[in-house]
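Here are my notes on the model, point by point. Please read them with the structure open.

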Amino acid sequence: MADVSLRKVVKRYDEVEAVRGIDLDIADHEFVVLVGPSGCGKSTTLRMIAGLEDISDGDIMIGGDVVNDVPPKDRDIAMVFQNYALYPHMTVAENMSFGLRLKNYPKAEIKSRVTEAARMLDITDLIDRKPKQLSGGQRQRVAMGRAIVRNPKVFLFDEPLSNLDAKLRVQMRIEIKKVHQKVRTTTVYVTHDQVEAMTLADRVVVMNHGRIEQIGTPNELYHKPATKFVASFIGSPAMNFVPCRLEDAAGKLNVRLTDRLAFTLPPARAARYQALSRTDKLLLGIRPEHVMEARPHAEPGVEPFDAMLDVTEPMGMETLVYFTLEGSQVCGRVSPNAGAQDGSPLRLAVDLNNMHLLNEVTGAVL
Amino acid sequence: MSTMTIDKSGPTRKVKYGSMSRDRTWALRWSYFFLTLFAIFSLTPPFYMLITSLKGSAEISAATNPWWVHQPTLENYIQLLTSNQFLRFFWNSAWVSIIVVTVTMLISVPAAFALARMKFWGSATLATGVFLTYLIPDSLLFIPLFKMFAVFGDLTGIQLVNRWYVLLFIYPTLTVPFCTWIMIGYFASIPKELDEAAIIDGASWFQTLTRIFIPVALPGLIAATIFAFTVSWAQFLYPLVFTTSTDQLVLPVGIITTLIKGDVFNWGQIMTGALLGAAPPLIIYAFLMDYYIAGLTAGATKG
C-alpha cells in the first residue's frame, strides 16, 4: 500500500504533448478515477505510473520514492487491461500465479493466495480452465485476480469494463468496488465513462487535452464544476447551457435569456453575481433535474415559464422533455403525470438555486 | 405538376429460392474438379517413382507398361539400405538438417522477438533488411561464398570446403532470414498488452520470450521449423558446389553423383533413393500438419 504523487508530469511524442504538466496526489487506500474523452491523456498518465511509458518531464512517486527510471517490475504495481491480456496458454490458476512464480514464492504461499483471490472473485470453479473457455466477465475477473494475488502497492485499471456489455459492466463495477473495499489497495482507474467514474471513485480527476480540468469527489464535480467542460462531461443527460446576460431590474438582479424571458435571481445568487459585468456574454448552466414541471406553490428561487416541447422521452419513473431556447436545446425532467407531449406546450419551472453562470468565452464557472 | 404513376406490382424479377445452395454446389464442383486435377498433377511423379523403385533393372529397360509392376521386388531398397555409402549420405543430411534447424531457431526466434517487440533505433529498417537478404538467389551467392571459404582456408589454414559441416555455415543464410520474417509476423500478431502484462508481472525480456511468446506463437514456430528443415534437407546447389568427396555428400547430391555413372542411369536405385529421401519431411509434415495449418492460417492469439 502506498500513496502516488505526480509532479508536473509531461509526456511528449515527438511534437505532440499528450500530457501537459500534471500534478496529482493520490492518498494511500484511495480509489481515484481518471476520466475524460479519448485522447485526453488519461491512459498515457496511467501507463506512465505503470512504467510502460517513459515520462518526458516531471516526477512520479510511489510510496514516497521517485520511480521515474524504475522498471515496471520493480514498481510493485499490478495492472488490469481493457482486453484482459490473459496468457492464452495458461490456466486461470497459472495466469494468476505467474507473477508470484517469477518471484519464486513458495508453492504453498502461491496456492493459498490464488485460492483466496479466486474465492473473493467467485471463480473457484474456473481455476483449471484456459482463458478461451471463459466469458468476457469471467476473463476480467481472472485479470483482477492476477492483480490481487500480487498484493501490490497500487492497482492500475485501464478501461477494464469497456469490452463488456452494458449489464455486465454494471455488475463488474460493483464487483470492483467490493474488491477495493476488501483489499483497500490504492487504485488508479482510467475510463471514458463518467458514470463509471462517479460510481467508483473516492475522487475523480477530469482530464481534457492533456491537462487536469478538475479534481474532486463525485458530488463536488457534479454540483460545483469548475469549468464548462466538467459541467458538460459529468452528468447524464448533460447540463443545459443557454446564452444569457445579467440586468438590473428594480433593485433586483435578473438573468435575461431572451427578449421575452428573464428570471429574477434568488438573493444568494444575486449577491454572488452582483459584481459581474452586465455586458459580458454569459451562459446559464442548469441541470435537467432543475428544469421540472411548474407547481402551484413554488419555492423561492423556482421560476415558472412556458415552453413548447419538441420531443419527450418517457423513461418510466420520469419523462425527459426537450425544447429550444434561443437556439439552444434544453432538456428537463418532469413527472410522468405532468402531461408532457411531443409538440405541445407545457408550463415548466427552473430552480435557480442550483443554477450555474459561466463565462461564454473562457468556459469558467463564475 | 405532372401526375405520377405508382407501380404497385413490386419487383418483376422472380425470386429464386435455393439459389444460394445452387451457387454453392457449383462452387464445390469446380473446387473438386481443380483439386483433382492438381492432385493428379502433383502425385504422378511420386507414383512413378514408387512404381519404378519396385522394379528390377531388367524390367525397367524392357518395353513394358511403365505404369505397372509385373514382378515387384524390394531389391533396390535392400541394396540401398545395406550400402554404407547411402547410409552415409542419409546421416550427413540428417545431421546437417538437425543442426541447421536448431541453429536457425536459436538465432531467428530471439531476433524476431527483438525486431518485433523491443523497439530500438532502426529496428523496422533492420526487419525489412532481414527479409531482403532472403530475396537474393543462392545461384548468385555461391561463387562469392565459395571464394570466402577458400580465402578463409588460405588465411587460417582451417579447411572448410569439401567438409559436410561447411553447410552448417551456409544453410542458415537461407533459413535464418525467412524464419525470422515468419516469426516477426507471429510475434507482431500477439497483442501488446500481453507482454506489458508479463513485464508488470515481473518478467524480464528473456522470460517474456520463453514463457509467453514462444508458447503462444507455437504454431508459427512449428511452421518456421518445418520450413528450415525442408530447406536444409532439399538444398542441392550449395552441397553440390561445396562438397565433393563421397563421404562428405548429403543425400540429394549423393544420389545424383553416385548413382549416375557417366551416361549410365541406375533408375531403380535413383527412384528408391529419392523416395527414401522424401520420407523424413513427409513424416514430419504428417505429424505436425495440424500445427502447420494453424500456423499458416492464423495468429489466433487473442487473449
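1. Burial first. A residue is called buried if 20 or more other C-beta atoms lie within 10 Å of its own, exposed if 12 or fewer, and partly exposed in between, with C-beta atoms placed from the backbone. His29(A) has 15 C-beta neighbours inside 10 Å, so it counts as partly exposed. His29(A) is not a glycine, yet its phi is positive, at about 70 degrees. It sits in the loop between strand 2 and strand 3 (31–35) of chain A. Helices (H or I, at least four residues) and strands (E, at least two) are DSSP runs, numbered from the N terminus.

2. Ground rules. This is a predicted model, in which local features need pLDDT of at least 70, side-chain atom pairs count only at pLDDT 80 or more, and totals for chains, interfaces and linings use all residues. Residues are numbered from 1 along each chain as its sequence is written, while chains are lettered from A and ligands numbered from 1 in the order in which they are written.

3. Asp76(A) is not a glycine either, and has a positive phi of about 55 degrees. Its loop runs between strand 5 (65–66) and strand 6 (77–80) of chain A. Asp76(A) is partly exposed, because 19 other C-beta atoms lie within 10 Å.

4. Check the cis peptide. The bond from Ser236(A) to Pro237(A) is cis, with omega near -5 degrees. Pro237(A) belongs to the loop between helix 8 (228–233) and strand 11 of chain A.

5. Ile22(A) lies in strand 2 (residues 16–26) of chain A. Is Ile22(A) buried or exposed? It is buried, because 24 other C-beta atoms lie within 10 Å. Leaving out residues up to four places away in sequence, Ile22(A) touches Leu6(A), Val9(A), Thr45(A) and Ile212(A). Contact here requires C-beta atoms, placed from the backbone, within 7 Å. Ile22(A) and Gly210(A) are 188 residues apart in sequence, but 8.1 Å apart in space, C-alpha to C-alpha.

6. Domains of chain A. The assignment gives domain 1 (4–226) and domain 2 (240–359). Such bounds come from an automatic or database domain assignment. Taken over C-alpha atoms, the centres of domain 1 and domain 2 of chain A are separated by 40 Å.

7. Strand 11 (residues 240–249) and strand 12 run antiparallel, joined by five bridges. Pairing requires at least two DSSP bridges between two strands. Asp248(A) has Leu253(A) as its bridge partner in strand 12. The two strands form a hairpin with two residues between them, and Ala250(A) in the turn has a positive phi of about 50 degrees. Asn254(A) stands opposite Thr264(A) in strand 13.

8. Faces of strand 12. Which residues of strand 12 (residues 252–256) of chain A are on the covered face? They are Leu253(A) and Val255(A). Lys252(A), Asn254(A) and Arg256(A) are on the uncovered face.

9. Domains of chain B. This chain is divided into domain 1 (44–73) and domain 2 (82–297). Their centres, taken over C-alpha atoms, are 34 Å apart. Eight residues of domain 1 of chain B are in contact with six residues of domain 2 of chain B. Helix 1 (19–53) and helix 2 (57–61) of chain B each supply at least two residues of the domain 1 side that touches domain 2. Helix 1 of chain B gives the most to that side, with four residues.

10. Helix packing in chain B. Helix 8 (residues 172–189) and helix 11 (residues 218–234) of chain B pack at about 165 degrees, with axes 9 Å apart. Axes are lines fitted to C-alpha atoms, for helices over the stretch in contact, and angles run from 0 to 180 degrees between N-to-C directions. Helix 8 and helix 11 of chain B are therefore roughly antiparallel. Angles under 35 degrees count as roughly parallel, over 145 as roughly antiparallel, 65 to 115 as roughly perpendicular and the rest as oblique. The residues that meet include Phe178(B) of helix 8 and Phe227(B) of helix 11.

11. Helix 5 (residues 123–135) of chain B also packs on helix 8 of chain B: their axes come within 8 Å and cross at roughly 140 degrees. Helix 5 of chain B is therefore oblique to helix 8 of chain B. Among the residues that meet are Tyr134(B) in helix 5 and Trp181(B) in helix 8.

Note on methods
Two residues are in contact if their C-beta atoms, placed from the backbone, lie within 7 Å.
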